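Trainee: Please take one part of this model and go through it closely. I would like the helix packing.

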Amino acid sequence: MLTQFEAHINKEFSFLKDAKLLLACSGGLDSVVLFHLSKALQFNFAVAHCNFELRGKESDDDAAFVKKLADEHQINCFQKSFNVGEVTEKAAISTQMAARNLRYQWFDVLKNENGFDYILTAHHINDSLETFLINLSRGTGLSGLKGVPAQNGAVIRPLLPFSREIILAFAKSEQITWREDSSNQDSKYLRNQIRHEVVPKLKELHPKFLDNFLSTQHKLLDSLAILDNTKKQLRANVFKIVDDVIRISIADLDKLKPLQAYMHLLFSDFGFTEWNDVTKLVKAPSGKQISSKTHVLVKDRTYLLLSKLTVNNDAEDYMIHEVERSLSIPLKLQITKVNTAKKGNENVLYIDKETLNYPLKLRKWKNGDYFYPLGMQGKKKLSKYFKDEKIDILSKKSQWLLCSGDEIVWVIGMRADRRYQVTQKTKQILKFELTE
């Protein structure tokens with residue numbers, strides 16, 4: 001196995017030879033074999049061991065075993081104990097997920113504090129198959145069928161092409177000792193049920209099942225790479241970014257068949273999961289929206305609008321007192337006294353100071369708002385003004401107004417109210433400038 005491992009490193013991960021590495025070691029068969037292989041190849045590595053204290057003395061003995069192993073080979077060893085139960089309760093997640101999160105968070109801390117280049121874990125092909133079957137049973141998409149990736153950022157899994165049987169045979173031939181984790185036999189965990197009941201049956205049906213799975217995984221990864229390139233090209237064509245909002249033409253989406261598959265391809269990275277609802281949004285009435293944990297997708301006439309979820313400040317008003325000359329929240333606004341009103345742009349407003357009633361107010365628009373648009377006759381409902389200006393739903397929600405009492409002075413960045421304009425009778429002029 002050592003010869004095969006070295007060949008694999010030379011082909012796929014030759015950069016590890018000159019890197020500073022952190023090796024995750026539980027004390028079990030896989031990580032201890034990875035320890036000895038790394039030592040044989042003279043890797044520059046230290047060891048990290050997590051004690052989750054879930055098995056009492058057995059957990060403490062694992063930690064002592066790893067420390068002794070590292071000391072015998074003069075390898076630096078980091079160890080840390082965790083209260084998994086507390087994290088499980090607070091985050092409302094499984095014990096396995098809590099332990100996984102704690103483990104990788106700590107590895108990242110060690111990496112950053114000690115200048116490690118990469119983190120090595122001892123996942124192998126059996127782990128990848130188990131992950132594949134777990135995700136398959138949960139109805140995941142193609143991305144969930146990739147199994148365990150050989151590299152995920154700084155995390156590298158150099159044992160991935162090897163089976164548990166090969167690793168075990170190597171350990172016995174080299175008289176390597178390791179610790180057995182009793183929880184690996186507990187059938188209450190889905191992974192253990194798959195490991196001990198499902199996988200052996202599959203191997204009975206076909207002796208080369210693991211080899212065939214590994215070959216299929218490579219083909220699947222190649223196919224996913226092609227799909228990823230297609231996604232990038234398609235997004236480049238149909239995603240148009242305007243003021244932090246992505247606009248997607250519904251006419252362009254209508255050309256894509258099968259539509260639901262393309263909607264999954266385009267929007268799965270943004271946290272959406274209800275694909276029937278996402279697809280129906282294309283034909284939904286204007287104003288219909290769907291949210292994920294991170295993003296919102298809104299139907300607006302001829303577009304779908306995609307944006308990040310933000311803190312809702314709609315109900316909050318911001319007061320501007322007469323002494324203030326600049327604001328940074330909720331937007332950057334400079335207020336200065338000037339002698340003359342120059343022809344400005346949409347981000348600059350000149351106001352007759354005597355027409356204002358302090359404190360002024362910054363607020364979001366609401367139904368029923370109206371103003372007297374500068375350059376137009378009469379008054380106009382703000383909703384009608386937005387419609388005429390073809391302002392999309394998300395932009396309307398984020399639109400700020402400068403108000404004097406209950407009256408709109410400025411639809412900020414768009415149009416002023418003529419009741420506050422500078423005239424020949426104006427004695428004091430204020431300049432309001434939106435700087436960002």
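Mentor: Contact here means heavy atoms within 4.5 Å, and helices are DSSP runs of H or I with at least four residues, numbered from the N terminus. This is a predicted model, in which local features need pLDDT of at least 70, side-chain atom pairs count only at pLDDT 80 or more, and totals for chains, interfaces and linings use all residues. Residues are numbered from 1 along each chain as its sequence is written, and side-chain values use heavy atoms, with hydrogens and water left out.

Val32, Phe35 and His36 of H2 meet Phe65, Leu69 and Ala70 of H3. The axes of H2 (residues 29-40) and H3 (residues 57-72), lines fitted to C-alpha atoms over the stretch in contact, come within 12 Å and cross at roughly 10 degrees. That makes H2 roughly parallel to H3, a label for angles under 35 degrees.

H6 packs with H9 (residues 209-238) at about 70 degrees, the axes being 11 Å apart. H6 is therefore roughly perpendicular to H9, the label for 65 to 115 degrees. On the H6 side the contact includes Ile125, Leu129 and Phe132, and on the H9 side it includes Phe209, Phe213 and Gln217.

H6 (125-137) also takes part in the packing of H8: the buried residues of H8 pack against H6 and against H7 (164-173). Those buried in H8 are Asn192, Ile194, Arg195 and Val199, where buried means under 20% relative accessible area with a 1.4 Å probe, protein chains only.

Key
Buried means under 20% relative accessible area, exposed over 50%, partly exposed in between (1.4 Å probe, protein chains only). Helices (H or I, at least four residues) and strands (E, at least two) are DSSP runs, numbered from the N terminus. Axes are lines fitted to C-alpha atoms, for helices over the stretch in contact, and angles run from 0 to 180 degrees between N-to-C directions. Angles under 35 degrees count as roughly parallel, over 145 as roughly antiparallel, 65 to 115 as roughly perpendicular and the rest as oblique.
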